[in-house]
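Work through these exercises with the model open beside you. Try each task before you read its solution.

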Amino acid sequence: MRTVIALVFLFVFSSCAFAQTTEERLEKLEKALKSQEQTIQELKALQRTVKKQEQTIEEQRKLIEKLTAKEKQAEPSGPPATAEAPQPVVAEVQQQVEELKEQVNSVAEAQQKKLPSEFNPAIGLVGETIFSYRSKDSKATGSDRPGGWDVNQRSVELNIAASVDPFAKGYAVLNASADPITGEATLGVEEAAIQTTSLPDNLELKAGRFFGEFGRLAYIHDHELPFVNRPLVLDQYIGGESRTDGAQLNWLLPIEHYVSLTAGVGDGFGSVPNDVNDNSNGNFRNFGGLSFFGRGSTSFDLTPDLSLEPGISGLLNPKTTDRGGVLAQPNGTPVTLPQFPGSNLSQTERSLEGVDLTLSWKPLSSNQFQSIIWGTEVLHSGNSYDVTPTSGGAKFSPFISSVDSYGMYTYLTYKWSREWSGGFLFQWVEDSWNNADRTFSYSPYITWALSHWNQLRLQYTYTEPNAVSGLRPDSAVYLQWDWIIGSHSHGWQQR
Amino acid sequence: MKPKFMRLLSILTLAGVLLCWGPMPAQAAKIKVVTTLTDLADFAREVGGDLVEVHSLATGVEDTHGVPMKPSFVPIMNRADLLILVGFDCEHAFLPALLEASKNPRIQMGKSGYVDCSKGIVPRDVPKSTDHYQGDVHPYGNPHYILDPVLAKTAVGNIYNALVEFDPQHQADFSRNRDAYLAKLDAKIAEWKKEVVPLKGLKFVSYHEHWPYFAERFGMVYFGTIELKPGIDPTPRHIEELISSMKAEHVSIVLREPQFPEKVPKQIAEQTGATLVTLPIMPGGIPNTETYIKMEDEIIRGLLAAEQAQKAAHAMK
């Protein structure tokens, strides 16, 4: 009973409090309105003053002209000494008018900012739907996507960005990506970072969760890729996007040639949790368990229309033992060394080195209508694994296996109008735990950009794993539809 | 672990050493000015004279909204004392990213080195909504005011103010240069106003909405754009509607900016009987337009020639 009475009291008092709050809000609004009206009146008064001052100046000018004329008539050969006397007065009045004008302008400008939303950050939303057909199921392809017909709302991405203060900007990318199996969307923080804007000596520090600078396409969001899917080598060696929880320092060299160097450290590197690399973010780890990464890039203008951008990147995760976990393929199947059936692998060390090259032909006069981009990236992956037996599997003593693998992608995109472009992507990758397991992939694609914010892409992909992989060749057709609403701007990395 | 860590370190060190192998910047003697477009570069050279070193990001042939973001711009902007821009969001597609990459706090928005030449200009066509239904709309209004030579004087004034603020010791030099240039420009404006008399009331269309300020200044009628909306190519229906309205309203000139493809403007000109003329939107856009004054000369000459061609065509009929 006491509880009931207490609840009733609580309800009554909270209602009163709410009512009071509404009244207070109304009062505040009325006050704000009155204050605005007053300001407008003041503005009008200021405008009247400015007009009066301008009239005064005009009168003064006329007076000066008359005086000067009289002086000249009286003393035609003498210097106009007296005529100069009123000039300081005119200058003073002119200055007053200028000051008043400035005041009026600033007040008028302030009055324009009357909505509370003026202080909100830039917000944009990106949607990405993939319609696809795959000739084989995920068991045959090793992919996380099913075979047959499929519609996948791959992502709904909310971008938010604004200045934090005069020294930094902040941004966040929240992504609701669909689960490949269930289709259920889960909201996650893809990026949320602070980035300095005023460090001395050409330095820029970024901290938080972000896509670390590695390679050419690893730190670009899916919808900004020139083709439908992230290259296999980035998926396998990095784990998709180069997401990390950490910090990176970028330095623009103070020389006449463009050279940018970046070094960073993060808790994990790669965005797909429990993937083959298992270096995702989260959990405590020792110092050696952190991921250290870096990138250097430069550019050469070969002609006004042709430029070459080479870059090198490195990633080292010296000790991953404490990350633990058994490696699994994207479709959930545990990774096993073929020569030791039933064995489990867990990663102990990870290193990646990459070289990338982008050759761009963009005729200055028609760069929005015509361009050719040729991009290539080659990665070397060096991993060490603890190989352990499992019950029911082959019997052997645990050992460490080191694997060096290589992978690459190269693509050429030709844009022949503002709306249309097409290209071809070739990929080749050795598996990061078994370099005899190789996959080749060929993808022609065509893109129709109805506008900057609405784009359709059709892509065919033929994937051909070799016999070692135990997987089967697969044909896939994708139709990707991307759209953007709200604020959207391409950063330096997406150029 | 160690060999791999050393390998990563070696790669980064080697990259640093190799890439650092470049000449160090010369001692700054002149004011380093970067402009987004070539007309602003011309004004900066005229006002700054020998005291400034001016670099324009655009060469003149680019679209004003589509200057390619080249990494080679970054070191130039990094060392700049002043960044001079058109404003009204004209450079929204390339400048914000370049500014961020430049890591030059002196020229960031709000700093004295960020010189927005639109200060003091009353914009035309300020949109009521910035919804993308209206295309790549400019939220602050049409930014192509510099094609109007009278409004260009305001840009010159803003550049003068920025130079004086940066280097007050040379105010007298800047003042002399500015006055000389404005006098020259005023004389040309008077000349142009006489020349354009036959163009009064002449209706024309262009690919992009570059010309409303220019048309108003010289008494011409700006009829509309070939593109559907800013930044969006025309659809067949739009072209059809434009052709029929041009015929009904006797629009006699199709003005194509050299940055845009010729095919559609040519088709419209052929179907409406209008004269197609290709004219620059900034100095360097076509030959013999190295300076702003030469460019305006060329624009007026081109329009007069088009008008003459129209008269001749009518006479033939």
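Axes are lines fitted to C-alpha atoms, for helices over the stretch in contact, and angles run from 0 to 180 degrees between N-to-C directions. The model is predicted: local features need pLDDT of at least 70, side-chain atom pairs count only at pLDDT 80 or more, and totals for chains, interfaces and linings use all residues. Residues are numbered from 1 along each chain as its sequence is written, while chains are lettered from A and ligands numbered from 1 in the order in which they are written.

**Exercise 1. Two helices**

Task: find the angle at which H5(B) and H6(B) pack, and how far apart their axes are.

Solution. Helices (H or I, at least four residues) and strands (E, at least two) are DSSP runs, numbered from the N terminus. The angle is about 175°, and the axes lie 10 Å apart. Angles under 35 degrees count as roughly parallel, over 145 as roughly antiparallel, 65 to 115 as roughly perpendicular and the rest as oblique. H5(B) and H6(B) are therefore roughly antiparallel. Next, look at the contact (C-beta atoms, placed from the backbone, within 7 Å). H5(B) contributes residues including Val156(B), Tyr160(B) and Leu163(B). H6(B) brings, among them, Phe174(B), Leu182(B) and Trp192(B). Sort the residues by class: Ala, Val, Leu, Ile, Met, Phe, Trp, Tyr, Cys and Pro are nonpolar, Asp, Glu, Lys and Arg are charged, and the others, Gly among them, are polar. This contact has twelve nonpolar, one polar and two charged residues.

**Exercise 2. A sheet in chain B**

Task: give the strand order of the open sheet of four strands in chain B.

Solution. Two strands pair if DSSP finds at least two bridges between them. The order is S2-S1-S3-S4, with parallel pairing. S2 (52–56) and S4 (114–116) of chain B each have a single partner strand, so they stand at the edges with one side lacking a neighbour in the sheet. On average, neighbouring strands are turned by 25° against each other, direction ignored. S1 (residues 31–35) of chain B pairs with S2(B) over five bridges. There, Val34(B) has His55(B) as its bridge partner. H2(B) packs on this sheet and touches S1, S2 and S3 (82–85) of chain B. The direction of H2(B) makes about 175° with that of S2(B).

**Exercise 3. Two domains**

Task: name the domains of chain B, then describe how they meet.

Solution. Domain bounds come from an automatic or database domain assignment. Domain 1 covers 31–120 + 135–189, and domain 2 covers 196–316. Their centres, taken over C-alpha atoms, are 27 Å apart. In the contact, 26 residues of domain 1 meet 22 residues of domain 2. On the domain 1 side, H2 (38–48), H5 (149–166) and H6 (171–195) of chain B each supply at least two residues. That side has twelve nonpolar, seven polar and seven charged residues.

**Exercise 4. Between the chains**

Task: which helix of chain B gives the most to the side that touches chain A?

Solution. The contact takes 42 residues from chain B and 49 residues from chain A. H1 (2–20), H3 (73–78) and H4 (95–102) of chain B each supply at least two residues. H1(B) gives the most, with nine residues. By class, the chain B side has 24 nonpolar, ten polar and eight charged residues.

**Exercise 5. Strands in chain A**

Task: how many bridges join S13(A) to S14(A)?

Solution. Start with S12 (residues 371–388) and S13 (residues 399–415) of chain A, an antiparallel pair over 17 bridges. Gly375(A) stands opposite Tyr411(A). S13(A) also runs antiparallel to S14 (residues 420–430) of chain A, and nine bridges join them. Here Lys415(A) stands opposite Ser421(A). A hairpin through four residues joins S13(A) to S14(A).

Technical notes. Contact = placed C-beta atoms within 7 Å.
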